Amino acid sequence: MTRAVETTDIISKHLPGVSTVSTDLLREGAPIEPDPPVSHWKPEAVQYYEDGARIEAAFRSYIHRADTKQQEDSYEIFICHANVIRYIVCR
């Protein structure tokens, strides 16, 4: 997660007063088997179950609807890697 941490540091310098939170739930991983298959990528089968459950836990922890009483827009920035971003967007 080195690049994600470095990117967070760069962005946070431009957003003074905005807090940052680091979590291993957003660590890169392989949430599902690639479809179509990719010949050069051969993880162990258990990786899908562990990474998929962890990334789903990140989704459930951080993605939510605004409270119905909320009057103003709110924003959160997620800095993570491609598979996690794709999973969250597609989910």
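So, salt bridges: the structure holds three of them, where a salt bridge is a side-chain nitrogen of Lys or Arg within 4 Å of a carboxyl oxygen of Asp or Glu. Side chains of opposite charge can pair when their charged atoms come close.

A quick note before the details. This is a predicted model, where local features need pLDDT of at least 70, side-chain atom pairs count only at pLDDT 80 or more, and totals for chains, interfaces and linings use all residues. Residues are numbered from 1 along each chain as its sequence is written, and side-chain values use heavy atoms, with hydrogens and water left out.

Okay, take Arg54 and Asp51. Their closest N and O atoms are 3.3 Å apart. Both sit in helix α2, three residues apart, about one turn of the helix; helices here are DSSP runs (H or I, at least four residues), numbered from the N terminus.

Now, which residues are linked in a network of salt bridges? Those are Glu56, Arg60 and Arg91. Glu56 meets Arg60 at 2.6 Å, N to O, and these two are four residues apart in helix α2, again about one turn. Glu56 counts as buried because its relative accessibility is 13%, while Arg60, at 63%, is exposed. Glu56 also meets Arg91, at 2.8 Å, N to O. That pair links distant parts of the chain, 35 residues apart, with Arg91 in the segment after α3 (82–90) and Glu56 in helix α2. Arg91 is partly exposed, at 45%.

On to pockets. A pocket, on a 1 Å grid over the protein atoms alone, is an open set of points where a 1.4 Å probe fits, with protein on both sides within 12 Å along at least five of seven lines; lining residues have an atom within 4 Å of a point. The largest pocket holds about 650 Å³ of space, a volume being the space filled by probe spheres set on the grid points, which are joined across faces, edges and corners. It's lined by 22 residues, with Thr8, Ser19, Thr20, Val21 and Ile77 nearest its centre. Helix α1 (residues 2–13) gives the largest share of that lining, six residues.

And the second largest pocket? Its volume is about 260 Å³, and its lining includes Trp41, Arg86 and Tyr87. That's me done.

Definitions and conventions. Buried means under 20% relative accessible area, exposed over 50%, partly exposed in between (1.4 Å probe, protein chains only).
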